[in-house]
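This report walks through one protein model, from its overall build to a handful of individual residues. Please keep the sequence and the structure in view while reading.

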Amino acid sequence: MTDAHSAGILPCQSIDELIAREAITSQTPFDIDQVQPASLDLRLGARCWRVRASFLPGRHRRVLERLSDVAMHELDLTQGAVLEKGCVYIAEIQERLALPHNIAARGNPKSSTGRVDVFVRLLTDNSRAFDDVEAGYDGPLFIEIAPQTFSVLVRAGTRLNQLRLKRGEPAKLSIRSVGVDLSPGVVGFRGRRHAGVIDLDREDGHDPRDFWEPLETRHGELLLDPGEFYILASKDDIEIPALEAAEMTPIDPSVGEFRVHYAGFFDPGFGTEEAGAVGSKGVLEVRSHETPFLLEDGQTVARLVYEPLTARPVRLYGEGGSHYQRQGLKLSKHFKAWR
């Protein structure tokens with residue numbers, strides 16, 4: 001590789017190089033838009049299992065070995081299948097890794113996945129933690145899928161999560177607080193509990209009124225009900241410079257009984273003048289836990305952790321089109337515009 005810095009997140013051209021060297025392979029040819037500026041979209045394989053419990057394989061055990069203890073039935077995703085809310089599934093990923101000894105990876109849900117309240121986590125053989133892939137890992141990938149609010153239709157090839165690859169241990173360049181925007185007017189949406197099925201490969205194909213309830217505030221406050229799912233927006237614009245990548249992480253649980261942002265990766269160029277996207281907000285996926293919680297306008301709900309890239313990516317986020325560049329409060333790409 002010819003990257004400029006020794007430790008950092010790999011840009012798209014380095015991911016392309018790993019694919020060319022067969023450090024990343026796939027059961028089917030890669031899609032032309034699968035490699036993002038600083039991440040790789042992962043695609044569902046043909047097989048999926050409904051399981052009675054989530055699990056980690058642990059050291060010296062493979063995912064398929066552990067599946068035999070918890071699998072209830074198998075689904076064929078080549079024909080498409082509905083994954084029901086409140087259930088847990090494990091699916092194969094088409095991509096496979098044979099990483100160099102100095103390259104590690106981390107998984108995260110795609111933005112569109114988090115915005116429909118589908119909780120996903122990456123699994124590897126011999127792993128003791130979700131989403132983290134050890135340097136030098138050689139083996140298959142799996143994904144745990146747990147729809148929370150809506151049942152979803154998926155197929156082989158559906159992209160639910162993404163992989164960020166890194167060399168070494170990148171320094172944390174900065175950590176910035178993210179506040180919530182509860183200015184007067186419509187501030188967000190709450191998921192309807194008994195809505196229909198969302199086809200995750202169908203863009204602009206669902207009426208948002210069938211799935212969401214708009215929320216207004218007059219006094220800069222919003223009461224989060226336990227177990228409900230909300231789409232909100234950040235108070236301030238978010239910008240990710242061309243030589244950096246960021247991940248949105250939860251705040252200390254002692255600050256509030258809620259979870260924010262299932263989908264945490266922000267690619268270089270998001271919200272930048274260079275990419276023609278000044279004014280981009282961060283969309284926040286919020287779920288309250290056991291007790292009601294009163295959010296206030298501007299209250300810190302998450303942190304953005306910035307890390308360096310090993311080199312400038314040859315393309316920035318949003319070049320060639322994106323559903324979420326220059327976004328304000330916005331539902332996932334599966335829904336038509338709110339009228």
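This is a predicted model: local features need pLDDT of at least 70, side-chain atom pairs count only at pLDDT 80 or more; totals for chains, interfaces and linings use all residues.

## Burial and the residue L309

A residue is called buried when its relative accessible area is under 20%, exposed when that area is over 50%, and partly exposed in between. By that cut-off L309 is buried, because its relative accessible area is 1%.

Along the chain L309 and V116 are 193 residues apart, and in space their C-alpha atoms are 29 Å apart.

## Overall build

The protein has 3 helices and 25 strands. Its radius of gyration is 19 Å, close to the 20 Å that the globule rule gives for 339 residues, so the protein is as compact as a globular protein of that length. Taken along the principal axes, the C-alpha atoms fill a box of roughly 55 × 50 × 40 Å.

Among contacts between residues at least 6 apart in sequence, 83% join residues that are at least 24 apart. Of the 339 residues, 53% count as buried, while the protein exposes about 14,700 Å², of which carbon and sulfur atoms supply 46%. The charged side chains comprise 41 positive and 50 negative ones, and the centres of these two sets lie 2 Å apart.

In soluble globular proteins, nonpolar side chains tend to be buried together. Here the largest nonpolar core has 49 residues, and L44, I145, L165 and W212 are the ones that touch the most other members. A second, separate core of 24 residues includes Y230, F266, L284 and L295.

Which residues does I145 contact, once its neighbours within four places in sequence are left aside? The contacts of I145 are L44, L83, C87, V88, Y89, A91, V118, F119, V120 and L160.

## R164, a buried arginine in a strand

R164 lies in strand β13, which covers residues 159-167, and at 5% relative accessibility R164 counts as buried, because the cut-off for that term is under 20%. Leaving aside neighbours within four places in sequence, R164 is in contact with I9, with A38, with A104, A105 and R106, with A245, A246 and E247, and with F265, F266 and D267.

The separation of R164 from E203 can be stated both along the chain and in space: the two are 39 residues apart in sequence, and their C-alpha atoms are 24 Å apart.

D131 is found in the loop between β9 (118-124) and β10 (132-133), and its phi is near 75°, a positive value in a residue other than glycine. D131 is buried, with a relative accessible area of 13%. D132, by contrast, has its place in strand β10 and is partly exposed, with a relative accessible area of 39%. Not counting residues up to four places away in sequence, D132 touches A105, R106 and T124; the C-alpha atoms of D132 and A105 are separated by 6.2 Å, although the two residues are 27 apart along the chain.

A135 lies in the loop between β10 and β11, the latter strand covering residues 138-147. With a relative accessible area of 41%, A135 is partly exposed. Its contacts, again not counting residues up to four places away in sequence, are P100, H101, N102, I103 and A104. From A135 to F265, which is 130 residues away along the chain, the C-alpha separation is 20 Å.

Is E22 buried or exposed? E22 is exposed, because its relative accessible area is 57% and the cut-off for that term is over 50%. E22 is found in the loop between α1 (12-20) and β2 (24-26), and it has a positive phi of about 65° although it is not a glycine. D131 likewise has a positive phi, but D131 is buried, whereas E22 is exposed.

Notes
Residues are numbered from 1 along each chain as its sequence is written. Side-chain values use heavy atoms; hydrogens and water are left out. Helices (H or I, at least four residues) and strands (E, at least two) are DSSP runs, numbered from the N terminus. Buried means under 20% relative accessible area, exposed over 50%, partly exposed in between (1.4 Å probe, protein chains only). The radius of gyration is taken over C-alpha atoms; the globule rule is 2.2 Å times the number of residues to the power 0.38. Contact means heavy atoms within 4.5 Å. Accessible areas come from the Shrake-Rupley method with a 1.4 Å probe; for residues, only the protein chains shown count as cover. Lys and Arg count as positive and Asp and Glu as negative; His and the chain ends are not counted. The place of a charge is taken as NZ of Lys, CZ of Arg, CG of Asp or CD of Glu. A nonpolar core is a set of buried Ala, Val, Leu, Ile, Met, Phe, Trp, Tyr and Cys residues joined through side-chain atoms within 4.5 Å.
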